[in-house]
Amino acid sequence: MEPSAQRLPQAVLRPVRDGNAFEATVEQLATSVRLGVFSFGQQLPPERELAERLGVSRSTLREAIAALRDAGMVQTRRGRGGGTVVVYRGPDPASTPEALRGMDAGQIRDALDFRRVVEPGAAALAASRELSADQRQWLVASRVAVEQAADVAEHRLADSRLHLAIATVSGSDLTIAAVTQVQGLVHEMLTAIPVLATNIGHSNAQHRAVVDAVLAGDPAAARLAMEEHCDATSALLRGLLA
């Protein structure tokens, strides 16, 4: 690598500062690959160096690199002289969901920003309501359905239903409509990236925190938990969606 190119990773890769270390690491590495900081055929720096630059543990870094492998962006070669090599050549329009083909990066970011405003507000509003026993049972059952989903398709549908259930118990028709719109967009985006087991585990924990806060009648905690959840998903989508 020429000297000027060597400086790019140092300039682009920054220490992870939010609470979603895995998702934020995936975002930085995937964005670096998509933008050519690490180009086709190039080997990523050693794990120790990358982990130190990003300020994450080596186990978190390995999980993030595995996510890039699942996304078809890198390959890891074992043994002497091995390492992780970039195989990404650019986005494949044929693999992009129909609903996303007319959206550019700015529109995708706008949709994620809109979600960051709408869904935490919906969770806070739901937590401020006096919920019936049926509503409380529905929220818990919806959360459990996500955790016990048998496959990817079932998981994504259950995930959307949970978010819509939270919006519904807010009692605001306009809020329900906004969350429905957001979930439609997010669902299409999520179909364009691989399912990552580490992220699913984080997502389940975040769902529990949101539902627990709503049931406890704590709007501030519900808003904060949903913000963390939205931020984690957005980090993955920003990194992996070309």
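Me: What volume does the second largest pocket have?

Reply: The second largest pocket has a volume of about 240 Å³. A pocket here is an open set of points on a 1 Å grid over the protein atoms alone, with protein on both sides within 12 Å along at least five of seven lines. Volume is the space filled by probe spheres set on the points, which are joined across faces, edges and corners. This is a predicted model, where local features need pLDDT of at least 70 and side-chain atom pairs count only at pLDDT 80 or more, while totals for chains, interfaces and linings use all residues. Residues are numbered from 1 along each chain as its sequence is written, and side-chain values use heavy atoms, with hydrogens and water left out.

Me: Which residues are closest to the centre of that pocket?

Reply: Glu47, Ile65, Thr76, Arg78 and Thr84, out of 14 lining residues. Lining residues have an atom within 4 Å of a point.

Me: Which element gives the most to that lining?

Reply: α4, with three residues. The elements giving two or more are α3 (47-54), α4 (58-70) and β2 (83-86). Helices (H or I, at least four residues) and strands (E, at least two) are DSSP runs, numbered from the N terminus.

Me: Now cavities. How many of 30 Å³ or more does a search of the whole structure find?

Reply: One. A cavity is a set of points where a 1.4 Å probe fits but cannot get out. The largest cavity has a volume of about 300 Å³.

Me: What lies nearest its centre?

Reply: His155, Asp159, Leu190, Asn199 and Ile200, among 22 lining residues. Helix α7 has the largest share of that lining, five residues; α8 (173-190), α9 and α10 (219-240) also give two or more.

Me: And how do α7 and α9 pack, at what angle?

Reply: Helix α7 (residues 152-168) and helix α9 (residues 197-216) pack at about 20°, with their axes 12 Å apart. Axes are lines fitted to C-alpha atoms, for helices over the stretch in contact, and angles run from 0 to 180 degrees between N-to-C directions. The two helices are therefore roughly parallel, a label for angles under 35 degrees.

Me: Which residues meet there?

Reply: From α7, His155, Asp159, Leu162, His163 and Ile166; from α9, Ile200, Ser203, Asn204, His207, Val210 and Val211. Contact means heavy atoms within 4.5 Å.

Methods. Parallel < 35°, antiparallel > 145°, perpendicular 65-115°, else oblique.
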